[in-house]
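Please consult the sequence and the structure shown here while reading.

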Amino acid sequence: MNDIIIAHTKRDLKDAISAKRSYKATQRNKSEDSITLGFTPTMGALHAGHKSLIEQSIKENDISVVSIFVNPTQFGPNEDLDKYPRTLESDIAMCKDLGADIIFAPDSKQMYEEEDEITLNPPKSMGYILEGYYRPTHFAGVIRIVLKLFNLIKPHNAYFGKKDAQQLLIIQKMTKHLCIDINIRGMPIIRDKDGLALSSRNVYLSAKDRELALRIPRAISFIDMHKNTKDIESLKRGAYEILGNLEIDYMDFYNRSLQLTQEIKGSIFLLCVRVGKVRLLDNLWLD
Ligand code: AMP
């Protein structure tokens, strides 16, 4: 029972949670009711960014569940759903090494049983700008799957990366608006040695493109180094200069409600840049 349990169906997931709950209660000399559950939703192809979320969940909870599901409803019609990297075996090995308790790896039929389902939309002010402007159905798909996973797993704490800042803020709003009693934990961005924010989609970058992509963390560092200035326009100009001829989908300072802001303090500097066919997201949360 100390071993990781891999559940592919909702029924197996329920059984796994209940088995782990009773095992942990005995092992930790706690009542079953007081056993805490941490949850990290992922689309797999796990890297050190995911690892940091899972580690935090293990640190803060009695039971840690990781979901691995490439969620079709968050992909647009011309996006990379079919070629999205799938590495279930090595993902399982990583979760096992870290000491996670349960992996939930369902197929699409498990998660979407009926064609005509109740759906949810993100707030108009947050869900259709930035990423939502370029991917208008994306956040509806994200909240749809995350809500299902929350209801199946019923975690106390759920772990999300600040890397996907807009997603994190929308999930926080979802729990608030729908009165969901789950603590949403936003975790720092993990970067590769060369500074590029880790992403499962980085495998799409050629060596040449990766070199160009390094302008993104350089722009982020520039903002970080000069964040104490009052002149927000000079910060943006500096970042534009560093990015040079890369195609920028968006780049600006936003407040925590995703409104444009002139106030550097308390803002998030958000950007999305295209390198080759890949859209790369990065950001900096400013205190
Ligand atoms: P994904 O598998 O891309 O859906 O990501 C699953 C979770 O991992 C999301 O909450 C992401 O924000 C988070 N994540 C992805 N990349 C990173 C990173 N480089 N640093 C921290 N968290 C990340």
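A polar contact is a pair of N or O atoms within 3.5 Å; within protein, one of the two must be able to donate a hydrogen and the other to accept it. In this predicted model, the side chain of Ser-199 reaches the backbone nitrogen of Arg-201 at 3.0 Å. Ser-199 itself belongs to the loop that runs between strand E6 (183-187) and helix H9 (207-213). When its neighbours within four places in sequence are left aside, Ser-199 is in contact with His-47 and Lys-163.

Attention now turns to the ligand. The shell around the ligand holds 17 residues, of which Met-43, Gly-161, Asp-164, Ile-190 and Leu-198 come nearest. By class, nine residues of this shell are nonpolar, six are polar and two are charged. At least two shell residues are supplied by each of strand E2 (37-42), helix H2 (48-60) and strand E5 (157-161). Helix H2 provides the largest share, three residues.

| Residue | Protein atom | Ligand atom | Distance |
|---|---|---|---|
| His-50 | polar side-chain atom | oxygen | 2.9 Å |
| Asp-164 | N or O atom in the side chain | oxygen | 2.6 Å |
| Ile-190 | polar backbone atom | nitrogen | 2.9 Å |

Taken alone, the ligand exposes 490 Å², and the protein buries 93% of that area. Asp-164 and Ile-190, both listed in the table, are also among the residues that come nearest to the ligand.

Definitions and conventions:
Residues are numbered from 1 along each chain as its sequence is written. This is a predicted model: local features need pLDDT of at least 70, side-chain atom pairs count only at pLDDT 80 or more; totals for chains, interfaces and linings use all residues. Side-chain values use heavy atoms; hydrogens and water are left out. A residue is near a molecule or strand if one of its heavy atoms lies within 4 Å of it. Accessible areas come from the Shrake-Rupley method with a 1.4 Å probe; for residues, only the protein chains shown count as cover. Helices (H or I, at least four residues) and strands (E, at least two) are DSSP runs, numbered from the N terminus. Ala, Val, Leu, Ile, Met, Phe, Trp, Tyr, Cys and Pro count as nonpolar, Asp, Glu, Lys and Arg as charged, and the others, Gly among them, as polar. Contact means heavy atoms within 4.5 Å.
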